[in-house]
Amino acid sequence: FERAAFASFEGLAAYRDALLGAGARRVHLAGSGPALFALAAEAAAAEGMARSLRPPGGEVFLARPLAAGEALTIEE
C-alpha cells in the first residue's frame, strides 16, 4: 500500500522525512495509511524522536509492546 498511500495522501512523504530526520532508521506505513510508525531499540531513543517531531496537523504517540501479563490486565 505504500506507493498508493504516498500518492493519495498529500504531505505523507514530509512526515516520513521528518521521522527519518528525527533519527528513525526506517519508517513504515501502518495499515493502509495515512499513519506512519518507526521502531526504536530503546525507550530513550523513541522519546528523543518524539521530542524532536512537531508535525503540523498531526500527532505523535509513543507505544511499547506489552508482556503477556500486562495485556491480560487491561480493562476497557
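**Fold, surface and pocket of a predicted chain**

User: How many helices and strands is that?
Analyst: Four helices and two strands.

User: What does the C-alpha trace span along its principal axes?
Analyst: About 40 × 25 × 20 Å.

User: And how much of the chain counts as buried?
Analyst: The chain has 76 residues, and 12% of them count as buried, meaning under 20% relative accessible area.

User: What share of the contacts is between residues 24 or more positions apart?
Analyst: Such pairs make up 38%, counting contacts with a separation of 6 or more.

User: Switching to charges. How many positive and negative side chains are there?
Analyst: There are 7 positive and 9 negative side chains. The centres of the two sets are 10 Å apart.

User: Now pockets. What is the volume of the largest one?
Analyst: About 730 Å³.

User: Which residues lie nearest its centre?
Analyst: Leu 19, Phe 37, Ala 38, Val 60 and Phe 61, out of 28 residues that line the largest pocket.

User: Which elements give two or more residues to that lining?
Analyst: Those are α2 (12-21), β2 (35-37) and α3 (43-52).

User: Where does the largest share come from?
Analyst: From α3, which gives five residues to the lining of the largest pocket.

Definitions and conventions:
Residues are numbered from 1 along each chain as its sequence is written. This is a predicted model: local features need pLDDT of at least 70, side-chain atom pairs count only at pLDDT 80 or more; totals for chains, interfaces and linings use all residues. Side-chain values use heavy atoms; hydrogens and water are left out. Buried means under 20% relative accessible area, exposed over 50%, partly exposed in between (1.4 Å probe, protein chains only). Contact means heavy atoms within 4.5 Å. Lys and Arg count as positive and Asp and Glu as negative; His and the chain ends are not counted. The place of a charge is taken as NZ of Lys, CZ of Arg, CG of Asp or CD of Glu. On a 1 Å grid over the protein atoms alone, a cavity is a set of points where a 1.4 Å probe fits but cannot get out, and a pocket is an open set with protein on both sides within 12 Å along at least five of seven lines; lining residues have an atom within 4 Å of a point. Grid points are joined across faces, edges and corners, and a volume is the space filled by probe spheres set on the points.
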